[in-house]
Amino acid sequence: VQDGRVADADRPVLALDLGGTKLAGGLVDAAGTLLVERAVPTPARPDPHAVWVAVARLVSGLLAEPAAAAGVAGVGVGSAGPVDPRAGTVAPINVPGWAGRPFPLVRRLTEAVPGVDVRLAGDGPCMAVAEHWRGAGLGADSMLGVVVSTGVGGGLVLGGRAYTGATGNAGHVGHLVVEPAGRPCACGGRGCVETVASGPSLVRWAREQGWQGGDAKALLSGGSAVAAAALERAGRALAAAFASVAAVCDLDVVVVGGGVAAVGEPLFEAVRVGLSDYAGLPFVRRLEVRPAALGPAAGLVGAAALVWAPERYHAAAITENPTATWHARHSAD
Ligand SMILES: [Zn+2]
């Protein structure tokens, strides 16, 4: 570049996707392409410092990549919840070092990557944003993004913008109640979608029917009659939740991803059958259910979208780095 400066669009965003199993990081360009991806296991020790050290190493490794030679355009972070985007803290219940004691992640990242904005959202909202920005929800006015995996999470895009609610935690679709007298849920409630449709819930139910296999992967790849029945049950529960959200939010589309959804048609067919039962009002019946397009990369792509398109995807809670100039430049055009 002639004048020695590099345009923001020529620098990637440093994206992080922090979960209970792994800490993932990547460099994502303005088109949403994941240029570099790295991951380390999440430290299992209940030591806040150990988790931060792992994140900081991930960050410095990414900054040393050739694709980041000219710096990065910003830092986007998706984290398992709960998160507090306004305070810039995370306290994910499945990360032992940070659970229950909010960690000042945005402040620490701002110190580690000076001069650019650091933007934080929950991992569910990041998946939804990614699918809306560059995936199966492209062009939708209002969509729900759902991850059906070890848990059931999600996020909302309403009127073309991410809706994260008063505390940044809207879109927790896994805790819609579908069985009022159902099982206690890890969230403290009862009868939530997650108690029926998550991978561990499928396995628990299958075992109650006499299945003697190992984990959700074994169950879903086995093609047994009990697996089909478990998926049908999960699909109905998800359909009840989707119809309910559509009735409240007038959705165009639900995009469904995650390890359990990767089984494909057996689950999606059950969702469609369930919706034909539960969706009554015409505006709910028009709801379309689509498989996610971005796969496991959605978390990183969505975290990057917080920086690339903040006016759409990070409108509710912006944490500015006082030294940043990126936002100032971009809000002018
Ligand atoms: Zn729950």
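Leaving aside its neighbours within four places in sequence, which residues is Val 193 in contact with? Before we get there, note that this is a predicted model, where local features need pLDDT of at least 70, side-chain atom pairs count only at pLDDT 80 or more, and totals for chains, interfaces and linings use all residues. Residues are numbered from 1 along each chain as its sequence is written, and side-chain values use heavy atoms, with hydrogens and water left out.

Now for Val 193. Setting aside those sequence neighbours, Val 193 touches Val 152, Val 173, Gly 174, Leu 176, Val 178, Ser 198, Ala 237, Leu 238 and Ala 241, where contact means heavy atoms within 4.5 Å. You'll find Val 193 in the loop between β10 and α4. Those labels follow DSSP runs: helices are H or I runs of at least four residues, strands are E runs of at least two, and both are numbered from the N terminus. With a relative accessibility of 1%, Val 193 counts as buried. Here buried means under 20% relative accessible area, exposed means over 50%, and partly exposed is in between, using a 1.4 Å probe and protein chains only. Gly 153 sits 40 residues away along the chain, and its C-alpha is 10.0 Å from that of Val 193.

Next, take a look at the zinc ion. Its donors are ND1 of His 175 and the SG atoms of Cys 185, Cys 187 and Cys 192, at 2.0 to 2.4 Å. To count as a donor, an N, O or S atom must be within 2.8 Å of the metal (3.2 Å for Na, K and Ca), and water is not among the atoms, so sites may look incomplete. Along the sequence, the donor residues follow the spacing H-x9-C-x1-C-x4-C. The four donor atoms make angles of 105 to 118°, and the site is tetrahedral, a label given to four donors if all angles lie between 85 and 135 degrees. How accessible are two of these cysteines? Cys 192 is buried at 2%, while Cys 187 is partly exposed at 44%.

Ala 181 is in the loop between β10 (161–163) and α4. Ala 181 is exposed, with a relative accessible area of 77%. Count ten residues along from Ala 181 and you reach Gly 191, with 6.3 Å between the two C-alpha atoms.

Let's move on to helix α5, which spans residues 199–208 and has Gly 199, Ser 201, Leu 202, Val 203, Trp 205 and Ala 206 buried. What do those buried residues pack against? They pack against α4 (194–197), α6 (216–222) and α7 (225–249). After α5 comes Gly 210, with a positive phi near 105°.

Rolling a probe the size of a water molecule over the atoms shows where empty space is left. The second largest pocket is lined by Ser 149, Thr 150, Gly 199, Pro 200, Ala 216, Lys 217, Leu 220, Gly 259 and Val 260. Both α5 and α6 give two or more residues to this lining, and α6 has the largest share, with three residues. On a 1 Å grid over the protein atoms alone, a pocket is an open set of points where a 1.4 Å probe fits, with protein on both sides within 12 Å along at least five of seven lines; lining residues have an atom within 4 Å of a point.

Beyond α7, Asp 250 occupies the loop between α7 and β11 (253–257). Asp 250 has a positive phi of about 55° although it is not a glycine, and Asp 250 is partly exposed at 37%. For another backbone feature, go to the peptide bond from Gly 81 to Pro 82, which is cis, with omega near 0°. Pro 82 is in the loop between β4 (74–79) and β5 (83–84).

Finally, compare two more spots. Ala 24 lies in strand β2 (residues 22–28) and counts as buried at 3% relative accessibility. Leaving aside neighbours within four places in sequence, the contacts of Ala 24 include Leu 16, Arg 38, Leu 58 and Leu 300. Pro 96, in the loop between β6 (89–90) and α2 (105–112), counts as partly exposed at 33%.

Terms used:
Tetrahedral: all angles 85-135°; square planar, octahedral: opposite > 155°, others 65-115°.
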